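User: I want to learn how to read features off a protein model. Can we work through one together?

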Amino acid sequence: MNPLKLVFKELFYRKVSSLIILVTVIAAGTVSVAVYTLSKASENETRKIMREQGLNLYIFPKGTNLIDFYSVNNTSTFPEHYIDTLAESKTFDAVRHLTGILQLKYPNWVDPNGSKHQIVVMGYKDEAMQRFLSKQETMGFDVEKGTVHIGALLSVNIPEGENFTIAGTDGKQYEFKVAKRLEEGKGMLDQGVAFNLADLQQVLGMKGQINKIEALGCVCHDGRIKNARGQLQDIFSDLEVTEVSSIANARENQRLMMNKYGSFIIPFVLIVSLLISGLLFYSNVNSRKYEIGILKAMGKSKSYILFMILFKAFVIGLLGSLAGFFAGSFIAEYFGKEIFRFTAMSIKPLWSLLGYSVFIFPILWMLASWVPALLATQIDAAKTLSKE
């Protein structure tokens with residue numbers, strides 16, 4: 001008899017035991033796919049949440065006093081085109097989201113009531129697109145030309161509907177439309193104004209100049225700040241890098257936590273499922289020992305018996321992996337909408353995972369049936385049938 005046909009007949013004949021093993025495979029596949037899909041969604045969600053904390057690397061002229069830098073005392077500048085050079089570099093890949101900024105204290109800004117204040121002015125260049133890196137969602141603080149974003153403390157002094165007015169170093173008065181009134185909690189910007197970089201350069205007479213670049217450091221094999229600093233100074237020896245470690249650590253710790261979670265739960269579920277399946281295959285072989293004895297008495301070889309049991313495991317593993325993939329994807333999508341705020345609508349089946357599932361799961365379940373299959377080949381037909 002054709003062994004393939006015999007396997008399918010046995011699957012349908014022993015429906016309960018076959019179904020129990022199949023459900024075990026489906027459960028393992030469902031949990032694995034759901035956890036993996038949700039872990040990927042969690043990475044994206046973390047990225048979205050962490051972006052609210054801002055960029056974590058500052059690039060500035062070497063020799064800058066960091067006390068002056070952090071307190072926004074006016075510091076040395078460098079050419080704006082440095083950003084374009086970095087963005088065009090093939091070797092500068094330890095840093096993402098390059099945003100050029102000119103930030104200064106403006107000592108005598110006059111509000112609409114005639115009162116004078118010292119404010120912070122910040123000009124933002126649109127985020128540079130790094131030519132040799134994959135395109136990513138913009139994290140920079142973009143301000144359209146001709147407009148400003150005013151901080152929460154400053155907005156109290158500017159009535160709704162009025163433009164923001166500031167005196168330039170050339171003695172002219174410049175007016176900008178207030179595009180956004182920022183919420184409280186933006187740090188220095190609470191008492192400041194965000195401009196488009198070109199607009200602020202014109203007001204201050206500092207065309208083509210910036211005094212820092214904000215960026216996001218990647219997690220690199222030889223250290224975040226060390227790698228970024230080395231790559232930067234290979235290109236511009238007159239620049240330095242510092243890191244806001246609290247933001248960088250929060251990002252990295254969250255990423256590591258999700259990786260550890262997935263790397264624990266998926267193997268745990270698979271191992272438990274394989275052990276259960278191994279016992280079920282053993283039970284199946286034990287209940288079929290007379291049938292196997294008859295096959296051996298008919299002259300069927302050990303390899304024939306071995307193939308039948310392993311092929312059955314292959315079929316169940318294949319069917320279970322397909323069902324588990326779609327069930328896991330559905331569960332991840334359904335519950336992901338309740339769990340994640342930013343990435344809920346972008347959770348979709350990971351089709352690349354389907355290929356891995358239909359390849360790995362049949363092999364795993366063939367391994368789970370290996371010992372029972374070997375035991376089946378050792379059944380002595382004469383002794384087994386003499387007991388019948």
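User: Leaving aside neighbours within four places in sequence, which residues is Asp199 in contact with?

Analyst: A caution to begin with: this is a predicted model. Asp199 is in contact with Glu144, Lys145, Gly146, Thr147 and Phe176, its neighbours within four places in sequence left aside. The residue belongs to helix α6, residues 197–204.

User: Is Asp199 buried or exposed?

Analyst: Take the relative accessible area and compare it with the cut-off: buried means under 20%. Asp199 has 6%, so it is buried.

User: Where do the buried residues of helix α1 lie, seen down its axis?

Analyst: Start with the general idea. An α-helix has 3.6 residues a turn, so residues three or four places apart point the same way. Now the case here. Helix α1 spans residues 3–13, and its buried residues are Pro3, Leu6, Val7, Glu10 and Leu11. Down the axis they fall within an arc of 140°, so they line one face of the helix.

User: Which exposed residues does the face of α1 turned away from the buried side carry?

Analyst: That face carries Lys5, Phe12 and Tyr13.

User: How do I read a core? Which residues of the largest nonpolar core touch the most other members?

Analyst: Look for the members with the most partners inside the set. The largest nonpolar core has 42 residues, and those touching the most other members are Leu98, Val121, Phe164, Ile166, Phe195 and Leu204. Strand β3, residues 95–110, gives the most to this core: six residues. There is also a second, separate core of 33 residues, with Ile292, Met308, Val315 and Ile379 among them.

User: What is Val121 in contact with, leaving aside neighbours within four places in sequence?

Analyst: Val121 is in contact with Leu102, Gln103, Leu104, Tyr106, Ile166, Val193, Phe195, Leu200 and Leu204.

User: Now the surface. Which residues form the nonpolar patch?

Analyst: Tyr282, Trp370, Val371, Leu374 and Leu375 form it, with about 470 Å² of accessible area together. Helix α12, residues 370–377, gives the most, with four residues. Take Val371, found in that helix. Its relative accessible area is 53%, so Val371 is exposed.

User: How many salt bridges does a search of the whole structure find?

Analyst: The search finds six. For each pair, read the N to O distance, then the placement of the partners. Glu88 and Arg131 meet through their side chains at 3.3 Å, N to O. Glu88 sits in the loop between α4 and β3, Arg131 in the loop between β4 and β5, so the pair ties together parts 43 residues apart in sequence. Glu88 is partly exposed at 42% relative accessible area. Arg131 is exposed at 58%.

User: Which residue does Glu160 form a salt bridge with?

Analyst: Arg181, with the closest N and O atoms 3.3 Å apart. Glu160 is in the loop between α5 and β6, and Arg181 is in strand β7, so parts 21 residues apart in sequence are tied together. Glu160 is exposed at 67%, while Arg181 is partly exposed at 26%.

User: What is the N to O distance between Glu240 and Arg229?

Analyst: It is 2.9 Å, in a salt bridge between the two side chains. Glu240 lies in strand β11 and Arg229 in helix α7, so the pair ties together parts 11 residues apart in sequence.

User: How many residues apart in sequence are Leu66 and Thr242?

Analyst: They are 176 residues apart in sequence and 9.4 Å apart in space, C-alpha to C-alpha. Leu66 is found in helix α3, residues 66–70.

Technical notes: Residues numbered from 1 in each chain as written. Predicted model: local features only at pLDDT ≥ 70, side-chain atom pairs only at ≥ 80, totals over all residues. Heavy atoms only, no water. Buried < 20%, exposed > 50% of the residue type's maximum accessible area, 1.4 Å probe, protein only. Helix = DSSP H or I, 4+ residues; strand = E, 2+ residues; numbered from the N terminus. Arc of directions from axis to C-beta. Core = buried A, V, L, I, M, F, W, Y, C linked by side-chain atoms within 4.5 Å. Contact = heavy atoms within 4.5 Å. Patch = residues over 30% accessible without salt bridge, like charges linked within 9 Å, V, L, I, M, F, W, Y side chains within 5 Å. Areas by Shrake-Rupley, 256 points an atom, 1.4 Å probe, with all protein chains shown as cover. Salt bridge = Lys/Arg side-chain N within 4 Å of Asp/Glu carboxyl O.
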